[in-house]
Amino acid sequence: MKALHINGNDLTLEEVREVATERRPVLLDPDARAAVNRARAVVDALVASDKVSYAITTGVGKLSDVRIAGEQIREMQINLVRSHAVGVGPPLAAAEVRGMMLLRANSLSKGFSGVRAQTIDALCEMLNRGVTPFVPSQGSVGASGDLAPLAHLALVLIGEGECVNEQGIRIPAADALSRAQIKPLVLEAKEAVSLINGTQGMLAVGVLALLAAETLVDTADVIGAITLDALRGTDAAFDERIQMARPHRGQIKTAQNLRRMLEGSQIRESHRDCGRVQDAYSLRCIPQVHGAVRDTLSYCRGVIEIEVNSAVDNPLVFVNDLKQADGKGDVISGGNFHGEPVAFALDFLGIALSALAGISERRLERLVNPALNEGLPPFLAAGAGLNSGFMMPQVTAAALVSENKILAHPASVDSITTSGNKEDFVSMGMTASLKLKRIVENVRNAMAIEAMAAAQALDFVAPLKTGKRGQAAHAAIRSVCPTMDKDRVMYRDFARIAELIASGKVAEVLR
């Protein structure tokens, strides 16, 4: 795979995924290297002149009034990394850690952080040679960024802490670097605070969750369409004229998808002149609900795309001359590390995805409930009574949906004071990202259950067929999950369908 050249300005979410999950190589762009060198010259000049500057010649946080000089500057870098690596709890997944590393390197490569180019190179080499730090998921309040998670990452750069090898086993960082032929860094002035100050923990988890969510909303249109068809629903509510009378982009897109899914359906034609006037909300209002999720995804993508290419540490370095590294410029303390914009977006996305699972479960209820399922067998069971069919899968879906209701409570409405009341209003963005990750998994599993039930329902209405795209979705589901002609253990089916959904193979029938 062609190497990705980072410059801090045009990294895409898809490129983050390629590096995080497909191990695409990463290099620092030459123009970015020059910008990094210019900013570094300002820091070096500051240290040489022994001027007071936050986190360069002073301590950090509440200790910002303590002067640091001479050889103490290097010692402070080590102390900062060690003292901030205080994470607890389950570790982040390897893909999330790799995403963190890339995002931090990309932010530093903008040339506003004052680090040396070789520090960014070291992060790139760790990515390219498969050195993955062990990063506990808990410990960040999203204030001065994700300090604890990023400190665990920085710890490996200096040859301390732990890594996770290809087998998922924790090993000393020094051993991992040695095997990869990477020398530990000796951090210079400002580099520690630049490495640990930023939103890349919440951002890495959030980027991967957002990309998964975009696949989920397309998949939801596909599964919703085959459920509606199996329940002998109407496509009248998806008429383009209705959507244009209330032209939300997401609603228009979902309605279009539904029309395409139902095009050519024999099932639809078989009851076109029936007496039913309209369907229940979980069928009729799919464009309005799925569409609102789409619009939320669009908003959240916009926020995250900005954050991915932002300078988010503190202080920031602004050079006077963009052509030469003359050491002249300003070092300004600010608050770009604060996670509030990302936290809001991640919380909003969690709320929206919870609705996606909620309406999926309501459609599942209509498939299995003999009072609502338009003549399908009770609980989609062949020989209902002797067999329970999909009675309990609906309970599982209900459990997932109810769990999401708790998880969807916004983390960003909370704050807690830290650092001796210096950091007195925080974002809780990392908590928002971890909740979102759990919500995404719950939504995928709930949709997998609906998908299996919808495929079963289509089997019962044969020989009538749904539209060609619906048939393709049915075939994809059946490729990992056979028809259930009598009760069997289903949890493995759900897992295989969830994996199929995550791969995008259900959603691709819309392409």
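Reader: In helix 18 (residues 468-478), which residues are buried?

Author: This is a predicted model. Buried here means under 20% relative accessible area. In helix 18, that applies to Gly470, Ala473, His474, Ala476, Ile477 and Arg478.

Reader: At what angle do the axes of helix 17 and helix 19 cross?

Author: Helix 17 covers residues 429-461 and helix 19 covers residues 491-503. Their axes come within 8 Å. The crossing angle is roughly 110°.

Reader: Is helix 17 roughly parallel or roughly perpendicular to helix 19?

Author: Angles of 65 to 115 degrees count as roughly perpendicular. The crossing is at roughly 110°. So helix 17 is, relative to helix 19, roughly perpendicular.

Reader: Which residues of helix 19 make the contact with helix 17?

Author: Helix 17 brings Arg444, Asn445, Met447, Ala448, Ile449, Ala451 and Met452. Helix 19 answers with Asp493, Phe494, Ile497, Ala498, Ile501 and Ala502.

Reader: How many helices does the protein chain have?

Author: The chain also has strands, eight of them. Its C-alpha trace spans about 85 × 50 × 45 Å along the principal axes. The helix count is 19.

Reader: What percentage of the residues in the protein chain is buried?

Author: The chain has 511 residues. It exposes about 21000 Å², with 54% supplied by carbon and sulfur atoms. The buried share of residues is 56%.

Note on methods:
Residues numbered from 1 in each chain as written. Predicted model: local features only at pLDDT ≥ 70, side-chain atom pairs only at ≥ 80, totals over all residues. Heavy atoms only, no water. Helix = DSSP H or I, 4+ residues; strand = E, 2+ residues; numbered from the N terminus. Buried < 20%, exposed > 50% of the residue type's maximum accessible area, 1.4 Å probe, protein only. Areas by Shrake-Rupley, 256 points an atom, 1.4 Å probe, with all protein chains shown as cover. Axes fitted to C-alpha atoms, helices over the stretch in contact; angles between N-to-C directions. Parallel < 35°, antiparallel > 145°, perpendicular 65-115°, else oblique. Contact = heavy atoms within 4.5 Å.
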